[in-house]
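Please look at the structure below and follow it part by part.

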Amino acid sequence: MKKINENFICIHCKQAVQEAKQTCRNHCPHCFVSLHVDGDIPGDRNTECHGKMYPTAYEIKNGGMKILFVCSKCGKKHWNKRAEDDEVSQLDTRIQSYKKISWEFTN
Ligand SMILES: [Zn+2]
Ligand SMILES: [Zn+2]
């Protein structure tokens, strides 16, 4: 299975995002928004949803940071490791601001 890891323009903040060095990048290092493109396996690009996924929480374990992303369209949640060039000093602020967006699903 091919993992896709390409340069792209962020759909949310419109900044150019470089290919990640070590991991398969799936979120923007500036605003942390990603697109819901993966199915059950990270990197499989196996869903038709294509909703925006926003960070809603994070945790630090064993020195590594994991971020919880939630799809604004279908409500799917998944944890992802941070990338080394993520602007994590901005993460708290970002999470707070995304609480005000309108989520398309209800639960
Ligand atoms: Zn962005
Ligand atoms: Zn979705």
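C28 and C31 are both buried, where buried means under 20% relative accessible area, exposed over 50% and partly exposed in between, with a 1.4 Å probe and protein chains only. The model is predicted, so local features need pLDDT of at least 70 and side-chain atom pairs pLDDT 80 or more, while totals for chains, interfaces and linings use all residues. Residues are numbered from 1 along each chain as its sequence is written, chains are lettered from A and ligands numbered from 1 in the order in which they are written, and side-chain values use heavy atoms, with hydrogens and water left out.

The zinc ion (ligand 1) is coordinated by the SG atoms of C10, C13, C28 and C31, at 2.2 to 2.3 Å. Donors are N, O and S atoms within 2.8 Å of the metal (3.2 Å for Na, K and Ca); water is not among the atoms, so sites may look incomplete. In sequence the spacing of these donor residues is C-x2-C-x14-C-x2-C.

Next comes the sheet. Strands β3, β4, β5 and β6 form an open sheet in that order, with antiparallel pairing. Strands are DSSP runs of E with at least two residues, and helices are runs of H or I with at least four, numbered from the N terminus; two strands pair if DSSP finds at least two bridges between them. Because β3 (34-35) and β6 (77-81) stand at the edges with a single partner strand each, one side of each has no neighbour in the sheet.

Eight bridges join β4 (residues 52-61) to β5 (residues 64-71). P55 stands opposite F69 in β5, and A57 has L68 in β5 as its bridge partner.
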